[in-house]
Amino acid sequence: MRRPTFHLLDEPRPAAAAGAVDSLQRGLEALRCFGPGDDALDVAELARRLGLSKATARRLLDTLEQHGFLLRVPGTDRFGLHVACLIVGQAVLGSSLLVKAARPLLLQFAERLGVNVLACVQERNDMLVLAQATAHGATSGAPSAGMRVPLAGTALGHAWLWMQSAQVQADWLANLRSESGTGVSQAARVYRAFQELEERGVCQAPDASRRELTCFAAPVLLPDGVVAVVGCMRADGGGRDRVRLERECSAGLAELASEMRTEAGRQRARRSSASPS
Amino acid sequence: MVFPGQSSEAGDAVRVLARGLTLIKAFCPRNLPLTNGELARATGLPRPTISRITATLTRLRYLEYLPELASYRLGVAALALGFGALSGLDLRLRARARMQRFADSEDLLVVLATRDDMAMVCHEVCRGRGALTIRVGVGSRLLLPHSAMGRAWIASLPGQAYRALMEEFQARFPQEQLGGVMDEAATQIQSLGFCVTVSSLEPDVNSVATPLGYALAPGQYVLGCSVPAFRYPPERCRLELGPRLLQLRHDIERDLQPTGAH
């Protein structure tokens, strides 16, 4: 078994070489600057978001354009995302065992309960959606594959955090407390979510972008040790409807998490037996 | 590439990014595990360069290392490189609803695609409930000269670019006589606004395609639909389906015009 060649990065590098490597990170960061609805951004705005000079940003953007990741709006200084982003994302989704395991289960769940449901994993300070299903006729607008939901203050993030080591939890809570204004109440919401997860295996919070929706979330410990989270969103009807909603979603999500873990294990065993030894 | 007046440091930076992007694309479309040696062969880059880039991309979690295979593949973080934002593009959001209605009412498969190298890549795919046609989904690649959408895209190229691509076809598809079908598609696009292909992708599946006008990406997107040949023989494609697809295209183009431009 060979080890990856990380030593090359650990060796001291001349400043020019280090800057060149950073350019790869910065260039890729430019692609993350685009959010849903950002059809095209101009060089000045992208430079501002990246914290770079316009000249440096322009060089990176031109390179991304040459490789099909960006497309320049003709006659302007504006760029939009392009086909290579789609191809790369599709390659990730198409090869993901979690996506394979999750898709049919999410579809069944969405139709049975009439909700939006998704599976996601942690990525930096966000939960990154890998698969999503919407019941026929349910309110659409749930984040789709590739979209990011903030980890802080969301049921999805709380469910992920609950499965982390005490040290990781402490670091996150310390970060939340240090935030001005809402930090303390955010930490209190995390503790409440942990209590819900302890009691029912599921926590809930208003949806990050649409407060009229309630989001329920449950963690899934996958066979490879990765923690995924399944979540569902539904309009909160209040009163008896709320009680029924909580009961249905809590029981359903806990069951879904268990099924997903089993199915992911099956997919993993199938891939292992299919790959050459 | 170092441009005149550009410092060599800036040139290095651009080169590293370009190589990183080439390496990321080497995993597409199937994201199979690749060793540093395989990546070097696939990209034509020197092995030490590959090692440095895979190390950087692994540190950033865009690649994951598989110790049991001594290989790399794209990690889930690579999904955050624009894929999610693309699905929220105005073009796709606005086109999707109309495409789905068209797919339902005509019971067929409708696709919005753009070109990448020698393929049309499907951005949006809508199918009617009973649509029995080719197996395509978002991200599927349809060979440029074999798909109606590819031929429609080629037909809308300006003269010099058209001729250059035809020469490339001769090198890439030496066994095929593509000149005739391409000329026919170009003639149809010019006279009808759409082109029709008969069983060009799969047997017993006919397709119709038309280039979509979109100010933010002119000449990039093509709208196409596929149908079972027994329901839509070529003549019906020309007389009925083509004009309906054109109407769908015009509706989408009108939706995409800036407010006040109607």
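Me: Let's begin with a pairing: what is the bridge partner of A:L213 in β9(A)?

Reply: A:A235 is the bridge partner of A:L213 in β9(A). Before going on, some ground rules: this is a predicted model, local features need pLDDT of at least 70, side-chain atom pairs count only at pLDDT 80 or more, and totals for chains, interfaces and linings use all residues. Residues are numbered from 1 along each chain as its sequence is written, while chains are lettered from A and ligands numbered from 1 in the order in which they are written.

Me: What makes β8 (residues 213–221) of chain A and β9(A) a pair?

Reply: Two strands pair if DSSP finds at least two bridges between them, and strands themselves are DSSP runs of E with at least two residues, numbered from the N terminus, just as helices are runs of H or I with at least four. β8(A) and β9(A) have nine bridges in the antiparallel sense, so they count as paired. They also form a hairpin with five residues between them, and A:G225 in the turn has a positive phi of about 95°.

Me: How do you know that β4(A) and β9(A) pair?

Reply: By the bridge count again: there are six, in the antiparallel sense. A:N116, for one, stands opposite A:M233 in β9(A).

Me: Why is β9 (residues 227–235) of chain A called mostly covered?

Reply: A residue is buried if 20 or more other C-beta atoms lie within 10 Å of its own, exposed if 12 or fewer, and partly exposed in between, with C-beta atoms placed from the backbone. Seven of the nine residues of β9(A) are buried, hence the label.

Me: And what makes α7(B) hardly covered?

Reply: The count of buried residues among its 14 residues is zero. This helix, residues 159–172 of chain B, reaches 20 Å from its first C-alpha to its last, close to the 20 Å expected at 1.5 Å a residue. The expected span is 1.5 Å times one less than the number of residues.

Me: How does α9 of chain B do on span?

Reply: Helix α9(B), residues 234–256, has 23 residues and reaches 31 Å, close to the 33 Å expected.

Me: Where does α9(B) bend, and by how much?

Reply: At B:L241, by about 40°, and a proline, B:P243, follows within four residues. The bend is the angle between axes fitted to the seven residues ending at a residue and the seven starting there.

Me: Which residues of α9(B) are buried, and what covers them?

Reply: The buried ones are B:C237, B:L241, B:G242, B:L245, B:L248, B:R249 and B:I252. Their cover includes α5 (90–106), α8 (179–192), β6 (195–198), β7 (205–211) and β8 (221–228) of chain B. An α-helix has 3.6 residues a turn, so residues three or four places apart point the same way.

Me: How do you know that the peptide bond between B:C28 and B:P29 is cis?

Reply: Omega is about 5° for the cis bond joining B:C28 and B:P29. B:P29 is found in the loop between α1 (8–25) and α2 (36–43) of chain B.

Me: Which residues of chain B make up domain 1 and domain 2?

Reply: Domain 1 is 8–80 and domain 2 is 83–256, with bounds from an automatic or database domain assignment. Their C-alpha centres lie 32 Å apart.

Me: How many residues does each chain bring to the contact?

Reply: Chain A brings 59 residues and chain B brings 55, where contact means C-beta atoms, placed from the backbone, within 7 Å. On the chain A side, the largest share, 13 residues, comes from α5(A).

Note on methods
Two residues are in contact if their C-beta atoms, placed from the backbone, lie within 7 Å.
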